[in-house]
Number of protein chains: 2
Amino acid sequence: MAKNLKYYYDLMSQPSRALWIFLQQTKIPYENRLVNLGKGEHLTDEFKAVNRFQKVPCITDSQIQLAESVAIFRYLCREYTVPDHWYPADSRRRALVDEYLEWQHHNTRAVCATYFQYMWLRPRMFGSKIDPKRADQYRTQMETCLDFIEREFLGGGARFIVGDEISVADLLAACEIEQPRMAGYDPCDGRPNMAQWMARVRDSTAPFYDQAHKFVNKIAQDAATKHKL
Amino acid sequence: MAKNLKYYYDLMSQPSRALWIFLQQTKIPYENRLVNLGKGEHLTDEFKAVNRFQKVPCITDSQIQLAESVAIFRYLCREYTVPDHWYPADSRRRALVDEYLEWQHHNTRAVCATYFQYMWLRPRMFGSKIDPKRADQYRTQMETCLDFIEREFLGGGARFIVGDEISVADLLAACEIEQPRMAGYDPCDGRPNMAQWMARVRDSTAPFYDQAHKFVNKIAQDAATKHKL
């Protein structure tokens, strides 16, 4: 087992939240290394020496410097003793978890992050205006993806993305799908399977899920209140 | 071991080529299932029953229907006896292969495919015109990524992306980087590490690499000739 695990993250980052919840839930011992994205701490030379990609999340330990949340999940599941359901040893189930983990890059992650960045982050960071046509385009792409998840991943009666037990696929998916809530979009509205599944992910990882989403929930609450006024 | 492996692919697709080369090289027995993307065969109901994502590559066997090239690579390395270097059992090396495999989705794959589609595919399929400003933008994004690979992955004297032996990361990377050649862009020009590494990947998988790239090479040759005229 590798030693001296250090976890670099910012809870504003979706995969940072997913890994943070996983670390709490599995009780893997690690040291906190907060990297404040808002202050540009990921762009410093000091951080570049830790992660050449200059992104969070990433880890270091006695044998490796490793980026990319999906690669980190797999590595931790090998290096530490964690319950099998997170990343099943069964070849078929592992392959289906892998399929979601690879698929999400250009789907769940891309579309939810793009919508959030365009509608919420860029106007606040750069003062950029929202073009209603482009906003529509990004919302439609996101809704197509969320409808696909509702129907294909969650529509068959399974409790989680792969089967009846929670895996790292659910953590990554849920944390991405929380993101557009900050821009006033409710992903569960009109998607009953998604609403139930999100509640199951949250319950299965309580109280850490809510702790990781404290800031997200505050912003989402403000957005929802504004929407109603 | 799963039985009756069927491989659905089109050699115009970069990850289809990577997996095809891997299957030849490892002598994993499988049945060919060509899916002609140009004819829209991936959009049929028949193919949708095989792969709900309606993309190639994908596989089926006695126990699974599986999409996403990276997930397929991992599954095949578990289910069949293949030389360790393709996906190392050593935890640290495996993690570094995984890091590239996850990173490439929004980098190598995204930027090379975007450039190729904008410069070559869309004008031929939809008659769309090339906006020089946007072409510049896509080329710059691609070059930033290729320069990063030249410097960070190939600059340390290693023969391959992770260490001195070829892995699935090299196959996926090389097949993506071949793609913009069809639009007249030479990724090895001014990148000596990349030129040597591409040659090593090709040599390590001869004659299959060239067989997989037969059509790509023909189009690239035509593009290079036009460029010189």
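Guide: Let us start with the naming of elements. Helices, of at least four residues, and strands, of at least two, are DSSP runs numbered from the N terminus. By that convention, B:Glu99 is placed in helix H4 of chain B, residues 91-103. Please keep in mind that this is a predicted model.

Visitor: What confidence does the predictor give to the complex and to chain A?

Guide: For the complex, the predictor gives an ipTM of 0.96 and a pTM of 0.97. Chain A has a mean pLDDT of 96, and 98% of its residues reach 70 or more.

Visitor: Returning to B:Glu99, is this residue buried or exposed?

Guide: The general idea is a cut-off: a residue is called buried under 20% relative accessible area and exposed over 50%. B:Glu99 counts as buried because its relative accessibility is 3%.

Visitor: Which residues does B:Glu99 touch?

Guide: Leaving aside residues up to four places away in sequence, B:Glu99 touches A:Arg52, A:Phe53, A:Gln65, A:Leu66, A:Ala67, A:Glu68 and A:Ala71. These neighbours lead us to the contact between the chains.

Visitor: How many residues of each chain are in contact, and how much area do the chains bury?

Guide: In chain A, 31 residues are in contact with 31 residues of chain B. The two chains bury about 2900 Å² between them, and 55% of it is on carbon and sulfur atoms. Of the area that chain A buries against chain B, A:Arg52, A:Glu99 and A:Glu102 supply 22%, more than any other three residues.

Visitor: How many polar contacts and salt bridges are counted between chain A and chain B?

Guide: Between chain A and chain B there are 18 residue pairs in polar contact, with both residues at pLDDT 80 or more. The count of salt bridges between these chains is 4.

Visitor: Which elements give two or more residues to the side of chain A that touches chain B?

Guide: They are strand E4 (65-67), helix H3 (69-79), helix H4 (91-103) and helix H6 (132-153) of chain A. H4(A) gives the largest share, 10 residues. By type, the residues on this side of chain A divide into 15 nonpolar, 5 polar and 11 charged.

Visitor: Why can charged side chains pair?

Guide: Side chains of opposite charge can pair when their charged atoms come close. One case joins the chains: the side chains of B:Arg52 and A:Glu99 meet in a salt bridge at 3.4 Å, N to O. Over all chains, the count comes to 26 salt bridges.

Visitor: Where do the partners A:Arg93 and A:Glu165 lie?

Guide: A:Arg93 is in helix H4 of chain A, and A:Glu165 is in the loop between H6 and helix H7 (168-178) of chain A. This pair links distant parts of the chain, 72 residues apart. Their side chains meet in a salt bridge at 3.8 Å, N to O. A:Arg93 counts as partly exposed, at 26% relative accessibility, and A:Glu165 counts as partly exposed at 41%.

Visitor: Which residues are joined into one network by salt bridges that share partners?

Guide: A:Arg74, A:Asp98, A:Glu102, B:Arg74, B:Asp98 and B:Glu102 are joined in this way.

Visitor: Finally, where is B:His213 found, and what does its side chain reach?

Guide: B:His213 is found in the loop between helix H9 (208-212) and helix H10 (214-228) of chain B. The side chain of B:His213 reaches the backbone oxygen of B:Tyr209 at 2.9 Å. B:His213 is buried, with a relative accessible area of 1%.

Key:
Residues are numbered from 1 along each chain as its sequence is written. Chains are lettered from A and ligands numbered from 1 in the order in which they are written. Side-chain values use heavy atoms; hydrogens and water are left out. Contact means heavy atoms within 4.5 Å. Buried area is the accessible area (1.4 Å probe) that two parts lose on being put together, summed over both. A polar contact is a pair of N or O atoms within 3.5 Å; within protein, one must be able to donate a hydrogen and the other to accept it, and residues adjacent in sequence count only if both atoms are side-chain atoms. Ala, Val, Leu, Ile, Met, Phe, Trp, Tyr, Cys and Pro count as nonpolar, Asp, Glu, Lys and Arg as charged, and the others, Gly among them, as polar. pLDDT is the predictor's confidence in each residue, from 0 to 100. Buried means under 20% relative accessible area, exposed over 50%, partly exposed in between (1.4 Å probe, protein chains only).
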